[in-house]
Amino acid sequence: MKEELDNMDKIFREKLEGFSEEPPVFLWDNIQATLAGQRRKKRMAWYSWSAVAALLVFAFLAGWYFNETAEKVTPRVTESETVKPADKQNIIERDIPAPVTTDIEKQNETIESDRLLADATKKRSIQKIQEEKTSTSVTDFEDKETRIEIATAGLNLMEKIEKPEFKVTAQEPSFTLTKKDEPDASAEFLTWEQKMIDENTRELARITHENSGWKLGLNVSPGYSSYTAKHGATYASNMTYEANEGSANLSGGISVQYKTGKRISIESGIYYAQNGQETGSSPQLFALRAEMDYAFAPAGKNYFNTAVNLAGNRMAMNSTAGIIEFEELPRGAEIAANLESAGTYANSLLTSGELSQVFDFVEIPLYLRYLVIDRKMDVELVGGVNAGLVVGNNAYINNEFGVQNIGKTLDISTVNVSGTVGVGLNYALGKNLSVAVEPRLNYYMNSINRNSEVDFRPYRVGVYTGLYYEF
Amino acid sequence: LEELKNIINECASGNARAQEKLYRMFAPKMFGVCLRYAKDRTEAEDNLQDGFIKVFSNIKNFRHEGSFEGWMRRIMVNVSLSKFRKQHVLYPVEDMGQYDSLQISDDILAKIAAEDLLGLVQQLPPRYRMVFNLFVMEGLNHQEISETMEISVGTSKSNLARARDILKRKVLDLYGEVESNANFLA
């Protein structure tokens, strides 16, 4: 067989080479719209990524800033402190400690340290001291507090930290803090002192976890997801029945919180979540859809009867979350020609069963938490944004042949933004460990479908339950 | 030509007016290309649209080496081919059939309008249509076709022969014995 063009080839080539034809006018409009959409998408992607970057930088700077200030404040407190031991009598009646004489030149600084300490605790007695202003005495539990607060600031300060502690144990009136010599001085604690110290330690264990620090959490949530959706009129006239049914699912993830102060903390992490929608198509008596009854559906079971677009070996169906492109004809489904219906597409897909569209998300949150009630059972308000990355996109039909993956939804954006609000109940199990139950609502702020005819925004309600570890 | 270069550069920087100009300039010709590779107008329109979107998003990579029209045409052919690949599972079946070449007089072919020839090409089974187009219109050899379409050289040759055979039969059926058919009916 010869490889060169034969005569017929030549004639075909000559005639067809120069052949040109004006394409239909709407084609340019389509191209233009697509190009404009691409530009918009590019811009949106740029915006969302720079927003995420800015937030991360902000979170980092905030963390760094609060960390720095925490380190700077504490050393000053210890260095300025040269206090004579408190009067024994006062300590016993610790509700109303009486003023104690101090070096006058140190007075200001000591008051300042008093104020700082007072911030860290809610002990009434200390506030009283502060109100009086004349008092510069540092009582037992204040010292303890200073010690623990300082302990968070770094190991190199430990020597200094021990100074106030020493002062407490000393019963001799003229003992100064700067000359600590024996660590076994604690043996000299009186029983009531020891009790008070223990109580303060317990109290402070609670207080320290309110101050700045990191918290690592692991949680899971059973949830219910549904959506809000709007569709273009043409799209909707060929669409599956829109049942406002959600689906139950499980999500979960790891979270990292940074406490910037007593009440505010910033949270990020990584979560996995599923969103989607389910529908069974009921007979649409008045809609512009295929009207043929699918009489074989078992009584009480859903079925559908939805217009499909058949073109070039492909089959597509308009559904609530977007156009589903079929990979193949699902088992137990039939294609019927729409002989009398007014829908745009010439064919309908008929099958019993239910359709579901499921999207898997990896969500990266940036939340702000505010501590409202600070008890053994804390109550927090949570709010913030998530970058939601679509990592899975599947459509299923569940009929008598089981659950079949039929394909996926077209035009789904990979990066989306959602907002979250929630209320957290946090119960401390120990010094570092706590368990939390947190109902949250997560709502997508953009349509996760790029198709201009479809506005589909999933939301999810979940009760996040998890363990948190502080360090 | 200098003007075309300007338009291309404007398109590269995203000027919508230049894009429209370029489209008006080349769309009819490229539609002709797409029509040959498609089974019908709708598919050709789809491919033309996708092709132009590809052209505009890649135009900044065009280096002004070689003909712009050729570059564009390659994009259209590639879009058509990739659509073909998506739609038709390519069974790795060896088609080594030999087909007798029918003889057909050039006079008959020469009388047929381009539109009708196009129609005949469009009616070819998809794989034959692709091979015929790539060989006859794009001037690819069988080696190149076998690589593009992931088929063997033998299959490509055989597909081409089959395409020619079908075309010839159709031409004979439709135009070959018009007179005698007319007599029959009369």
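# A walk through a predicted two-chain model

At a relative accessibility of 0%, Ser225(A) counts as buried, because the cut-off for a buried residue is under 20% relative accessible area. Ser225(A) lies in strand E1 of chain A, and its side chain is joined to the side chain of Asn249(A) by a polar contact of 3.3 Å. If residues up to four places away in sequence are set aside, Ser225(A) touches Gly246(A), Ser247(A), Asn249(A), Gln274(A), Asn275(A), Gly276(A), Tyr459(A) and Arg460(A).

Strand E1, residues 213–231 of chain A, runs antiparallel to strand E2, residues 247–259 of chain A, and 13 bridges join the two. Within this pairing, Val220(A) stands opposite Gly252(A) of E2(A). E2(A) also pairs in the antiparallel sense with strand E3, residues 264–279 of chain A, over eight bridges, and here Val256(A) stands opposite Ser268(A) of E3(A). The passage from E2(A) to E3(A) is a hairpin of four residues.

Stepping back to the whole of chain A, one finds nine helices and 14 strands. Of its 471 residues, 45% are buried, and its accessible surface comes to about 24,000 Å², with 58% of that area belonging to carbon and sulfur atoms. Among the contacts of chain A that have a separation of 6 or more, 70% are made by residues 24 or more positions apart.

Chain B is built from another set of elements, with ten helices and zero strands. It has 186 residues, of which 47% are buried, and it exposes about 9,400 Å², with carbon and sulfur atoms supplying 50% of this area. For contacts in chain B with a separation of 6 or more, residues 24 or more positions apart account for 69%.

Helix H3 of chain B, residues 41–58, has 18 residues and at 1.5 Å a residue should span 26 Å, which agrees with the 25 Å between its end C-alpha atoms. Its buried residues include Leu48(B), Phe52(B) and Phe56(B), along with Glu43(B), Glu45(B) and Asn47(B). An α-helix has 3.6 residues a turn, so residues three or four places apart point the same way. Among the buried residues are Arg127(B), Arg129(B), Phe132(B) and Met137(B). After H7(B) comes Gly139(B), whose phi is positive, near 70°.

What lies in the interior around such helices? The largest nonpolar core has 67 residues, and those with the most contacts inside it are Phe12(A), Leu22(B), Leu48(B), Phe52(B), Phe68(B), Phe132(B) and Met149(B), a list that draws on both chains. Helix H2 of chain B, residues 16–37, gives the most to this core, with eleven residues. A second, separate core of 14 residues includes Tyr227(A), Ala316(A), Ile323(A) and Tyr444(A).

The same helix H2 of chain B also holds Arg17(B), which is exposed, with a relative accessible area of 71%. The C-alpha atoms of Arg17(B) and Ile7(B) are 9.2 Å apart in space, while the two residues are ten apart in sequence.

The last stop is in two loops of chain B. Most residues other than glycine have a negative phi. His64(B), however, has a positive phi of about 60° although it is not a glycine; it is found in the loop between H3 and helix H4 of chain B, and at 31% relative accessibility it counts as partly exposed. Glu150(B) likewise has a positive phi, near 55°, and its place is in the loop between helix H8 and helix H9 of chain B. With a relative accessible area of 63%, Glu150(B) is exposed.

Methods
Residues are numbered from 1 along each chain as its sequence is written. Chains are lettered from A and ligands numbered from 1 in the order in which they are written. This is a predicted model: local features need pLDDT of at least 70, side-chain atom pairs count only at pLDDT 80 or more; totals for chains, interfaces and linings use all residues. Side-chain values use heavy atoms; hydrogens and water are left out. Two strands pair if DSSP finds at least two bridges between them. Buried means under 20% relative accessible area, exposed over 50%, partly exposed in between (1.4 Å probe, protein chains only). A polar contact is a pair of N or O atoms within 3.5 Å; within protein, one must be able to donate a hydrogen and the other to accept it, and residues adjacent in sequence count only if both atoms are side-chain atoms. Contact means heavy atoms within 4.5 Å. Accessible areas come from the Shrake-Rupley method with a 1.4 Å probe; for residues, only the protein chains shown count as cover. The expected span of a helix is 1.5 Å times one less than its number of residues. A nonpolar core is a set of buried Ala, Val, Leu, Ile, Met, Phe, Trp, Tyr and Cys residues joined through side-chain atoms within 4.5 Å.
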